[in-house]
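Biologist: Hello! Could you walk me through this model with a few questions and answers?

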Amino acid sequence: MATASPPPPEDRPERRPVQPTTEEFEQVQGSAEFGELRRSYRSFAFPLTIAFISWYLLYVLLSNYAGGFMGTRLFGNINVALVLGLAQFLTTFLIAWLYSRHAAAKLDPKAEAIKSRMEAGV
């Protein structure tokens, strides 16, 4: 398929960031700043992952073994199973929203600082 767009501009070596060496990556990986970034990520991601998997498994177990409870009508044709099933979707979106806020506030600034220092060759 042909396109009407022009070819990309010629890359100029002076505009490209410096590519860090393997040793520099290993040095940064062992740094306290990188450790703090990793801790910040893990302290958010692991508890929420465990909580969500537990919540999901509870829903599955209730669906399999508590049919009477899950079939309880709340109003009209809406039963407990439907409400809990929709709550699974809401929980997923809530966690994604919370993570994006956490990443923007805590993770991205630290990662950007590390990245810019590595690309500057410091």
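Modeller: Buried means under 20% relative accessible area, exposed over 50%, and partly exposed in between, using a 1.4 Å probe and protein chains only. This is a predicted model, where local features need pLDDT of at least 70, side-chain atom pairs count only at pLDDT 80 or more, and totals for chains, interfaces and linings use all residues. Residues are numbered from 1 along each chain as its sequence is written, and side-chain values use heavy atoms, leaving out hydrogens and water.

Biologist: Which residues of α2 are buried?

Modeller: Helices are DSSP runs of H or I with at least four residues, numbered from the N terminus. Helix α2 covers residues 32-65. Its buried residues are Gly-35, Leu-37, Ser-40, Phe-44 and Ala-45.

Biologist: Is Gln-88 buried or exposed?

Modeller: Gln-88 sits in helix α4. Contact means heavy atoms within 4.5 Å, and beyond its neighbours within four places in sequence, Gln-88 touches Phe-52, Trp-55, Tyr-56 and Tyr-59. Because its relative accessibility is 8%, Gln-88 counts as buried.

Biologist: And what is the relative accessible area of Lys-115?

Modeller: Lys-115 also belongs to a helix, α4. Lys-115 is partly exposed, because its relative accessible area is 42%.

Notes. Helices (H or I, at least four residues) and strands (E, at least two) are DSSP runs, numbered from the N terminus. The expected span of a helix is 1.5 Å times one less than its number of residues.
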